Amino acid sequence: MKQKIIKTTFIIAAITMAAFVSNAQTSPRIHDRFDFDWKFTLADVQEAKNPVFDDTGWADVQLPHDWSIGQPFIENDWRLGSMAYLPGGTGWYRKTFELPAGQEGKQVYIHFDGVYHQSDVYVNGKHAGFHPYGYTSFEYDITPYIRFGEKNVIAVRVDHSNSPTSRWYSGSGIYRHVWLKVLNPVHVSNWGTYVTTPQIEKETAGVVVRTNVENYSGQSKTVILESEIRAADGSVAAQASSPVNLAEGEKKEVNHRLSVANPRLWSIDEPAMYTLVSVVRENSKVIDRYETPFGIRDIRFDPDKGFFLNGKPVKMKGMDIHQDAGSLGTAVPDRSFERRLQILKEYGCNAIRCSHNPPAPEFLDLCDRLGFLVIDEVFDKWKSGYYAQYFDDWWEKDMSSALLRDRNHPSIVLWSIGNEVVEQNDTTGTGVERLKMLQDFVHKTDPTRKATMAIAPNDIRKRAYNANGFNDALDVVGYNYQEQFFADDHRKYPKRIIYASEVFPYYRSSQERVREYEERNPWYDTGNNDFIFGYFIWAGVDYLGESSGLPSKGWPTCPFDVCMFEKPIAAFLKAVWNEDKPVLNIAVVDQSLNLDHGKDHWSWPKIASHWTFPSYFGQVLHLQTITNCEEVELWVNRTSMGRRKLSGYINNTINWRALYSPGKIIAKGYNRGVEVISYELSTAGRPVKIELVADRPVIEADGQDLSHITVRLLDENGVVVPNDDRTIIFTIEGEGKLIGLDNGDLRSNEPFKGNTRTTYFGKALATVQSARTKGAIRLKARTDGMQESVITITSE
């Protein structure tokens, strides 16, 4: 058999464990979502650890839960700017549950996907453990504390009294899912599978499965471990089995080699998936079953040619993304992540850098399924910032959590071990030593991927990390705001693998100064150079925190706002990232627009995609058509302004001047003289109607699913009214609840969790979550002078 790929070809598992049914009669493994029926108080009540404590006066909450997002803004404390001027504090959670007496003798674990931060977990008054880092997953064996056949109480203390701690909005609380696991004493370990392939050919893929099995039965055991690979249609693609001898308390790694015939490769366009089913049998009885969906794919990095996926060059068209979702804070339901990624995919984005922490596991599941490339970032800083106090004792535990949990995702192509750390400028050798320690851990834990980190200059003229050996020691070097050095550094360091880990959305820097404000988008430095494998805009979506100052509560200069409403600048990315699809947009330049400008070099000229400027009647306006078409013709109120060739302009943007008068403007895009696309804007009149549009009119009655409802003020012709915003009052009835209101304006002082929201440029967003009961959900919206609008969502 001809060996096609050896070193960097592998199969990556997509989900460490699929959703198991919780009924012990149908599955040997109980893996229950533990999100409902929690009690919460925002107070440090030490007695709450005791199982007999009376919590009847506490609030009823479900997870994920972020208590900070529902608090009033505190604008008189500048330190809270990184927390969107929202407070932290200390909170307690409690949940009462029962396990049947028939489960006695089994192992019980409580698994947290993420708690921010410094959490202590108690079960029936006993301390199960402490976990300081707010971004990694962890679990505890709580078997010794469980009372089978009786009520049990789990209490979680979350200490965010030292807020703010992250440089961006972190939220506070148990902000990700929690899981209860009940297993037989002999079972596959947590994150216990690791799947690779030493070779991939068109006809076959060789698969190596490493599975950890552990024994807590109180005696030695001999079991059979079966590994079965199933295709998407359920057919069996490969099988292997072997006996495993386990002493009491022993964990053993078992290796299986399998072969998949005619493998379907995971790719951006066709993210094909398989499932590894790991079955443990004792005397023919199945005592554990652990499922791992995965994808088969090959990655390779070349210092001259960039990144290759399955042997084909791929340019990463990426975005740096923080995890909050505006009005939802960091307690982000899975559907919110899915909607975000679907919108980004539509615009041509194919890569995500998880800034600056490991994401929720469900986010990575979605990236696998939708076809995104991911840089999974473990840390922001090392021995600076709030993590400094924990680094020495916890770095290895937190890296283990991130890598073991996530190393089986086909979407992940790099591990990032830090971002703009102070050690990059160290001249004593300590910084390089620390880098090598973390990078060596990556190579040991997951030898199939390289390590990277983002480097940014403190002094653009010195760039100490090139002289002190720091960049030379790194597998892959991420350049933050250094696109102006790409060509020179490629000549000086020809073996260095480089990408643009952060770039400004619009302006370009020079080698003399960062704030050059050159109107040439940094994308071209990546797009025009094969040796730069990727571009990640800072940031892809507006986020809470890291405010440049009041009244802003966050970072406002991204292509999408916190509602995931696109801004005109998003058209640029869509144009350059979709060369095979015609793209065209019209925007009007007006520096007086009511926009949150953000920090200067991350800003862009104030533009808006509407044609309603009554104060400029009779004046000449500056218009832009953002496009990837060869030519554009602009019509203003039935008068043609002529055709202009894109080749004569920069930034895929053709500039025009036109006299403003109410009516309609139309842009027509041409390729080879043939019209291929058009775009139009009409002047709006006064608002007469509230329009409610749901992204999904039917959702699941699981207590978690969402419908995102766009709210728009329309005139009598159905045109969005951008200049006459109104305060909307919402009411909800039926089998659901309103969990967030937003309008995309980070300067707003309106609460995220109220029942009113003022539109911004004529729009707002209402997020509705289902109950666990089937039925209709009715959202009503009203404002003075207009008829109430109603939309019905079906929960089934």
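1. The buried residues of helix α1 pack against β21 (316–321), β22 (351–354), α2 (361–370), β41 (706–714) and β45 (763–770), where contact means heavy atoms within 4.5 Å and buried means under 20% relative accessible area with a 1.4 Å probe, protein chains only. Among the residues buried in α1 are F337, L341, I343 and L344. Helices (H or I, at least four residues) and strands (E, at least two) are DSSP runs, numbered from the N terminus.

2. This is a predicted model, in which local features need pLDDT of at least 70 and side-chain atom pairs count only at pLDDT 80 or more, whereas totals for chains, interfaces and linings use all residues. Residues are numbered from 1 along each chain as its sequence is written, and side-chain values use heavy atoms, with hydrogens and water left out.

3. Y133 and F379 form a tilted aromatic pair, 5.8 Å centre to centre with 45 degrees between the planes; rings of Phe, Tyr and Trp (its six-membered ring) pair if their centres lie within 6.5 Å, and planes under 30 degrees apart count as stacked, over 60 as edge-to-face and the rest as tilted. Because Y133 lies in the loop between β8 (126–131) and β9 (138–141), and F379 in the loop between β23 (373–377) and α3 (391–406), the pair ties together parts that are 246 residues apart in sequence. Both Y133 and F379 are buried.

4. The ring centres of W395 and F441 are 5.7 Å apart and their planes stand at 80 degrees, so this pair is edge-to-face. W395 lies in helix α3 and F441 in helix α4 (residues 430–445), so the pair ties together parts that are 46 residues apart in sequence.

Notes
Buried means under 20% relative accessible area, exposed over 50%, partly exposed in between (1.4 Å probe, protein chains only).
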